[in-house]
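Visitor: Please take a close look at a single part of this structure and describe what surrounds it.

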Amino acid sequence: MTDRIRIDLGERGYDVLLGPGALRAARHHPALSGARRHAVLADANVLRLHRSRVADVLDGPGLAGPPIEIPEGERAKSFATLEQVLGQMLDLELERGDAVLAIGGGVTGDLAGLAAALYKRGMDVIQVPTTLLAMADSSVGGKTAINMPQGKNLIGTFHQPSLVIADFGFLDTLPERERQAGFAEIVKAALIGDRDFFERLEKSGRDGLTAAQLQAHLKTAITFKAGIVAADEREAGQRALLNLGHTFGHALESEAGGALLHGEAVAAGLALAFDYSARLGLCPEKDAARVRAYLELAGLRTRLPDLPGAPFSATAMLDRMRHDKKNSGGHIRLVLAHGIGNAFIHDQADAADLLNFLKDQIQ
Ligand SMILES: NC(=O)c1ccc[n+]([C@@H]2O[C@H](COP(=O)([O-])OP(=O)(O)OC[C@H]3O[C@@H](n4cnc5c(N)ncnc54)[C@H](O)[C@@H]3O)[C@@H](O)[C@H]2O)c1
């Protein structure tokens with residue numbers, strides 16, 4: 001069965017179709033059938049593995065031309081690839097009444113979303129997430145970005161999709177490591193604001209998550225994010241909570257130079273955020289320990305020396321955190337927690353204390 005989750009943003013509102021038959025269910029959706037033509041921007045890997053699945057959905061409406069392939073991996077989120085993609089879109093003579101179908105993980109979604117936002121001052125994008133991470137998080141909410149040498153996601157815009165099609169058929173080919181990494185963003189939703197959800201995750205254990213359980217967990221995570229995005233689309237306030245684990249995580253991801261997947265970095269970042277909260281006396285130690293234990297049970301490594309890309313430098317990590325785009329007024333802004341399901345924004349982290357904390361964690 002396909003779930004339909006509404007992202008309530010007034011005239012920019014849209015549906016998320018989620019489940020095993022989402023692509024089929026989307027065929028007659030007005031956001032898909034209403035576009036004049038479609039241009040496919042797809043992760044090269046996904047295109048190779050799922051060409052027939054994708055062809056299926058494009059049967060009805062017109063395809064603007066051959067798919068535009070996006071090289072796989074984080075490096076595709078660059079100015080060079082963006083320029084190439086925009087050039088190919090111009091070659092296809094896309095018009096503003098056409099729509100881009102972004103088929104792939106978070107990298108494709110972020111890049112294609114930005115290309116769609118910029119192309120002739122904006123055209124529709126339909127997100128077709130193919131990783132667990134992209135289904136749980138990145139395809140919903142309208143953040144698009146590319147990376148710069150100074151850090152991740154520093155150049156971007158908000159551009160909401162007109163539809164999200166999260167079809168579980170794609171997950172059949174997703175490597176286990178990617179699946180585990182994506183799970184971190186589901187856990188993140190629970191840790192921010194839904195303790196009951198965290199307890200349900202704990203109960204469902206590590207192995208043998210059925211498709212129905214996965215769908216239920218994804219639905220909860222997306223619905224949770226939808227509520228936050230609807231209340232604060234452009235991150236003027238509480239949307240920043242969705243960055244739990246990400247300030248530490250982005251620093252780790254950048255320092256690891258490609259060895260660490262985004263979701264893996266987020267998982268370690270979640271554990272760090274809870275440990276740091278406990279160190280400041282803001283969160284019970286037992287909650288921090290429980291978060292770490294669950295992430296490890298889910299196959300996500302949380303101890304810095306165990307992570308791909310280790311050893312890390314505390315000074316280099318702190319330097320990355322100082323450049324995080326969420327900071328303001330020269331202060332490091334962190335999302336911390338008073339407990340599981342109770343995250344809050346901490347605006348004035350003490351850099352010297354943070355450095356000592358990181359040094360302790362690195363040993
Ligand atoms: N915009 C947002 O709100 C937001 C939120 C979270 C993360 N992100 C971004 O998302 C990115 C990470 O996304 P990701 O983890 O999906 O990474 P990804 O897009 O790099 O995909 C991971 C890998 O899986 C492959 N792949 C994708 N779908 C597959 C499938 N169905 N079968 C087999 N292989 C498949 C890809 O080719 C790639 O090698 C980061 O750049 C991060 O910054 C954005």
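Guide: The elements covering the buried residues of helix α10 include β9 (151-158), α7 (176-193), α11, α13 (314-322), β11 (332-337) and α14 (351-362); contact here means heavy atoms within 4.5 Å. Helices (H or I, at least four residues) and strands (E, at least two) are DSSP runs, numbered from the N terminus. The model is predicted, so local features need pLDDT of at least 70 and side-chain atom pairs pLDDT 80 or more, whereas totals for chains, interfaces and linings use all residues. Residues are numbered from 1 along each chain as its sequence is written, and side-chain values use heavy atoms, without hydrogens and water.

Helix α10 (residues 246-256) is largely enclosed by the rest of the structure, because nine of its eleven residues are buried, that is, under 20% relative accessible area with a 1.4 Å probe, protein chains only. Among them are His 246, Phe 248, His 250, Leu 252 and Glu 253. After α10 comes Gly 257, which has a positive phi near 55°.

The axes of α11 (residues 262-279) and α12 (residues 285-297) come within 8 Å and cross at roughly 165°; axes are lines fitted to C-alpha atoms over the stretch in contact, with angles from 0 to 180 degrees between N-to-C directions. The two helices, α11 and α12, are therefore roughly antiparallel, a term for angles over 145 degrees. Residues making this contact include Leu 270 and Phe 274 of α11 and Val 291 and Leu 295 of α12.

Conventions
Parallel < 35°, antiparallel > 145°, perpendicular 65-115°, else oblique. Buried < 20%, exposed > 50% of the residue type's maximum accessible area, 1.4 Å probe, protein only.
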